[in-house]
Amino acid sequence: MLLDFAKSGGLIPAVIQDNTTQEVLMLGFMNQEAYEKTQQEKIVTFFSRTKNRLWTKGETSGNFLHVVNMQVDCDQDTLLIKVNPVGPVCHTGARTCFEAAPDPNAEVAATKPTAAFLNYLEDIIQSRRQNPQEKSYTNSLFEKGIQKIAQKVGEEAVETVIDAVAGNKERLKEEAADLLYHLLVLLVASDMEISDVMQVLQHRHQSK
(Lines give C-alpha, C1' and ligand atoms only; values in the text may rest on other atoms or scores of the structure.)
Protein backbone atom coordinates (compact mmCIF):
# COMPACT_ATOMS: atom_id res chain seq x y z
CA MET A 1 0.00 0.00 0.00
CA LEU A 2 1.76 3.16 -1.25
CA LEU A 3 1.02 6.47 0.42
CA ASP A 4 2.26 9.92 -0.56
CA PHE A 5 3.15 11.48 2.81
CA ALA A 6 5.33 14.15 1.18
CA LYS A 7 2.41 15.78 -0.63
CA SER A 8 0.93 17.20 2.58
CA GLY A 9 4.09 17.84 4.54
CA GLY A 10 4.40 14.38 6.08
CA LEU A 11 0.82 13.97 7.28
CA ILE A 12 -2.18 12.39 5.59
CA PRO A 13 -5.84 12.55 6.69
CA ALA A 14 -7.40 9.30 7.90
CA VAL A 15 -11.17 8.99 7.76
CA ILE A 16 -12.46 6.55 10.40
CA GLN A 17 -15.63 4.61 9.53
CA ASP A 18 -17.63 2.15 11.61
CA ASN A 19 -17.41 -1.21 9.84
CA THR A 20 -20.88 -2.26 10.98
CA THR A 21 -22.99 0.90 10.63
CA GLN A 22 -20.84 2.59 7.94
CA GLU A 23 -21.03 5.83 9.96
CA VAL A 24 -18.09 8.22 9.67
CA LEU A 25 -16.76 8.41 13.22
CA MET A 26 -13.92 10.90 13.10
CA LEU A 27 -11.04 12.37 11.10
CA GLY A 28 -7.43 12.20 12.24
CA PHE A 29 -3.95 12.54 10.76
CA MET A 30 -1.13 10.03 10.38
CA ASN A 31 2.54 10.27 9.61
CA GLN A 32 4.54 7.31 8.32
CA GLU A 33 5.27 6.04 11.82
CA ALA A 34 1.63 6.22 12.94
CA TYR A 35 0.53 4.43 9.80
CA GLU A 36 3.04 1.60 10.28
CA LYS A 37 2.11 1.25 13.96
CA THR A 38 -1.56 1.04 13.02
CA GLN A 39 -0.80 -1.64 10.43
CA GLN A 40 1.22 -3.70 12.89
CA GLU A 41 -1.04 -3.47 15.95
CA LYS A 42 -4.42 -3.30 14.16
CA ILE A 43 -5.40 -0.47 16.50
CA VAL A 44 -5.64 3.07 15.12
CA THR A 45 -2.78 5.38 16.04
CA PHE A 46 -2.69 9.00 14.88
CA PHE A 47 -0.09 11.75 14.93
CA SER A 48 -1.33 14.45 17.27
CA ARG A 49 -0.61 17.90 15.82
CA THR A 50 -1.24 19.58 19.17
CA LYS A 51 0.90 17.19 21.25
CA ASN A 52 3.41 16.67 18.44
CA ARG A 53 3.62 12.93 19.07
CA LEU A 54 2.00 9.62 18.23
CA TRP A 55 -1.39 9.16 19.82
CA THR A 56 -3.24 5.85 19.99
CA LYS A 57 -6.98 6.51 20.11
CA GLY A 58 -8.22 5.11 23.40
CA GLU A 59 -4.87 5.16 25.21
CA THR A 60 -6.51 7.10 28.05
CA SER A 61 -10.21 6.26 27.74
CA GLY A 62 -9.88 2.65 26.62
CA ASN A 63 -12.11 3.41 23.62
CA PHE A 64 -9.82 1.83 21.04
CA LEU A 65 -10.48 1.61 17.31
CA HIS A 66 -9.82 -1.92 16.10
CA VAL A 67 -8.89 -1.98 12.42
CA VAL A 68 -10.92 -4.12 10.02
CA ASN A 69 -9.35 -2.85 6.80
CA MET A 70 -7.56 0.16 5.35
CA GLN A 71 -8.07 1.69 1.91
CA VAL A 72 -6.10 4.34 0.04
CA ASP A 73 -7.82 6.89 -2.17
CA CYS A 74 -7.03 7.39 -5.88
CA ASP A 75 -4.44 10.13 -5.17
CA GLN A 76 -2.70 8.01 -2.52
CA ASP A 77 -2.85 10.83 0.00
CA THR A 78 -5.91 9.90 2.11
CA LEU A 79 -6.83 6.81 4.10
CA LEU A 80 -10.22 5.27 4.77
CA ILE A 81 -10.03 3.00 7.82
CA LYS A 82 -12.95 0.77 8.72
CA VAL A 83 -12.98 -0.11 12.40
CA ASN A 84 -14.84 -1.85 15.18
CA PRO A 85 -14.94 0.87 17.86
CA VAL A 86 -14.91 0.23 21.60
CA GLY A 87 -17.25 2.72 23.22
CA PRO A 88 -17.98 6.29 22.05
CA VAL A 89 -15.43 7.84 19.71
CA CYS A 90 -15.76 11.56 20.39
CA HIS A 91 -14.12 13.14 23.45
CA THR A 92 -17.52 14.69 24.27
CA GLY A 93 -18.97 11.24 24.84
CA ALA A 94 -20.88 11.20 21.57
CA ARG A 95 -20.84 8.10 19.38
CA THR A 96 -19.15 10.02 16.56
CA CYS A 97 -17.44 13.39 16.21
CA PHE A 98 -20.22 14.45 13.86
CA GLU A 99 -23.11 14.45 16.31
CA ALA A 100 -23.98 16.45 19.39
CA ALA A 101 -22.74 15.31 22.77
CA PRO A 102 -25.31 13.23 24.68
CA ASP A 103 -27.55 14.96 27.19
CA PRO A 104 -26.51 13.56 30.60
CA ASN A 105 -30.12 13.94 31.80
CA ALA A 106 -31.63 12.12 28.84
CA GLU A 107 -32.18 8.40 28.53
CA VAL A 108 -29.50 6.64 26.51
CA ALA A 109 -30.80 6.10 22.98
CA ALA A 110 -29.77 3.00 21.08
CA THR A 111 -27.92 3.46 17.82
CA LYS A 112 -30.36 3.06 14.95
CA PRO A 113 -29.20 0.15 12.82
CA THR A 114 -28.73 0.59 9.07
CA ALA A 115 -29.01 -1.78 6.11
CA ALA A 116 -25.21 -2.05 6.21
CA PHE A 117 -25.66 -4.48 9.12
CA LEU A 118 -26.86 -7.04 6.57
CA ASN A 119 -23.40 -6.98 4.98
CA TYR A 120 -21.84 -7.44 8.40
CA LEU A 121 -24.14 -10.37 9.16
CA GLU A 122 -23.43 -11.86 5.74
CA ASP A 123 -19.69 -11.74 6.48
CA ILE A 124 -20.27 -13.70 9.69
CA ILE A 125 -22.36 -16.30 7.85
CA GLN A 126 -19.64 -16.62 5.19
CA SER A 127 -17.08 -17.07 7.95
CA ARG A 128 -19.15 -19.82 9.59
CA ARG A 129 -19.35 -21.64 6.27
CA GLN A 130 -15.59 -21.43 5.68
CA ASN A 131 -14.60 -22.02 9.32
CA PRO A 132 -17.28 -24.18 10.99
CA GLN A 133 -17.75 -23.73 14.72
CA GLU A 134 -19.10 -26.32 17.11
CA LYS A 135 -22.67 -25.70 18.35
CA SER A 136 -23.17 -22.96 15.74
CA TYR A 137 -26.79 -22.74 14.55
CA THR A 138 -25.59 -21.36 11.22
CA ASN A 139 -23.30 -24.35 10.72
CA SER A 140 -26.13 -26.73 11.62
CA LEU A 141 -28.12 -25.22 8.75
CA PHE A 142 -25.26 -25.66 6.28
CA GLU A 143 -24.87 -29.27 7.41
CA LYS A 144 -28.54 -30.00 6.66
CA GLY A 145 -28.13 -28.83 3.07
CA ILE A 146 -29.75 -26.30 0.76
CA GLN A 147 -33.16 -28.01 0.63
CA LYS A 148 -33.59 -27.73 4.40
CA ILE A 149 -32.36 -24.14 4.35
CA ALA A 150 -34.84 -23.28 1.59
CA GLN A 151 -37.60 -24.99 3.57
CA LYS A 152 -36.71 -22.87 6.61
CA VAL A 153 -36.92 -19.69 4.51
CA GLY A 154 -40.39 -20.75 3.39
CA GLU A 155 -41.50 -21.39 6.95
CA GLU A 156 -40.24 -18.00 8.15
CA ALA A 157 -41.92 -16.29 5.18
CA VAL A 158 -45.28 -17.85 6.07
CA GLU A 159 -44.94 -16.83 9.72
CA THR A 160 -44.02 -13.30 8.66
CA VAL A 161 -47.14 -13.06 6.50
CA ILE A 162 -49.38 -14.41 9.28
CA ASP A 163 -48.17 -11.78 11.79
CA ALA A 164 -48.44 -9.01 9.20
CA VAL A 165 -52.05 -9.89 8.42
CA ALA A 166 -52.84 -10.22 12.13
CA GLY A 167 -51.38 -6.77 12.79
CA ASN A 168 -48.96 -8.16 15.38
CA LYS A 169 -46.14 -5.65 14.86
CA GLU A 170 -43.82 -6.93 17.58
CA ARG A 171 -43.99 -10.50 16.32
CA LEU A 172 -43.74 -9.24 12.75
CA LYS A 173 -40.36 -7.67 13.53
CA GLU A 174 -39.13 -10.94 15.03
CA GLU A 175 -40.34 -13.09 12.15
CA ALA A 176 -39.05 -10.65 9.53
CA ALA A 177 -35.64 -10.76 11.20
CA ASP A 178 -35.70 -14.57 11.09
CA LEU A 179 -36.69 -14.44 7.43
CA LEU A 180 -33.85 -12.07 6.51
CA TYR A 181 -31.30 -14.14 8.40
CA HIS A 182 -32.32 -17.43 6.82
CA LEU A 183 -32.49 -15.79 3.39
CA LEU A 184 -28.86 -14.67 3.83
CA VAL A 185 -27.89 -18.23 4.77
CA LEU A 186 -29.69 -19.51 1.66
CA LEU A 187 -27.84 -17.01 -0.56
CA VAL A 188 -24.47 -17.99 0.92
CA ALA A 189 -25.30 -21.67 0.50
CA SER A 190 -26.11 -20.88 -3.14
CA ASP A 191 -22.72 -19.16 -3.60
CA MET A 192 -24.40 -15.77 -3.90
CA GLU A 193 -24.20 -12.49 -2.01
CA ILE A 194 -26.76 -9.91 -0.93
CA SER A 195 -25.07 -7.54 -3.39
CA ASP A 196 -26.26 -9.80 -6.23
CA VAL A 197 -29.84 -9.22 -5.12
CA MET A 198 -29.24 -5.49 -4.64
CA GLN A 199 -27.86 -5.31 -8.18
CA VAL A 200 -31.13 -6.70 -9.55
CA LEU A 201 -33.15 -4.20 -7.50
CA GLN A 202 -30.95 -1.33 -8.62
CA HIS A 203 -31.25 -2.37 -12.27
CA ARG A 204 -35.04 -2.54 -11.99
CA HIS A 205 -35.13 0.88 -10.35
CA GLN A 206 -32.97 2.44 -13.06
CA SER A 207 -35.08 0.84 -15.79
CA LYS A 208 -38.26 2.54 -14.59
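User: How many disulfides does this predicted model contain?

Analyst: A disulfide is a covalent bond between the sulfur atoms of two cysteines, and a pair counts here if the sulfur atoms lie within 2.5 Å. Cys90 is in no disulfide, since the nearest cysteine sulfur, that of Cys97, is 4.0 Å away. By this rule, the disulfide count for the model comes to zero.

User: Is Cys90 buried or exposed?

Analyst: The cut-off for a buried residue is a relative accessible area under 20%, whereas exposed residues have over 50%. Cys74, with 74% relative accessibility, therefore counts as exposed. The relative accessible area of Cys90 is 10%, so this cysteine is buried.

User: Which strands stand at the edges of the open sheet of four strands?

Analyst: The sheet has mixed pairing, and its strands follow the order 2-1-6-5. Two of them have a single partner strand each, so that one side of each is left without a neighbour in the sheet; these are strand 2 (24-30) and strand 5 (65-72).

User: What is the bridge partner of Gln71 in strand 6?

Analyst: Strand 5 and strand 6 (residues 79-85) run antiparallel and are joined by seven bridges. On the strand 6 side, the residue that partners Gln71 is Leu80.

Note on methods
Residues numbered from 1 in each chain as written. Predicted model: local features only at pLDDT ≥ 70, side-chain atom pairs only at ≥ 80, totals over all residues. Heavy atoms only, no water. Buried < 20%, exposed > 50% of the residue type's maximum accessible area, 1.4 Å probe, protein only. Pairing = 2+ DSSP bridges. Helix = DSSP H or I, 4+ residues; strand = E, 2+ residues; numbered from the N terminus.
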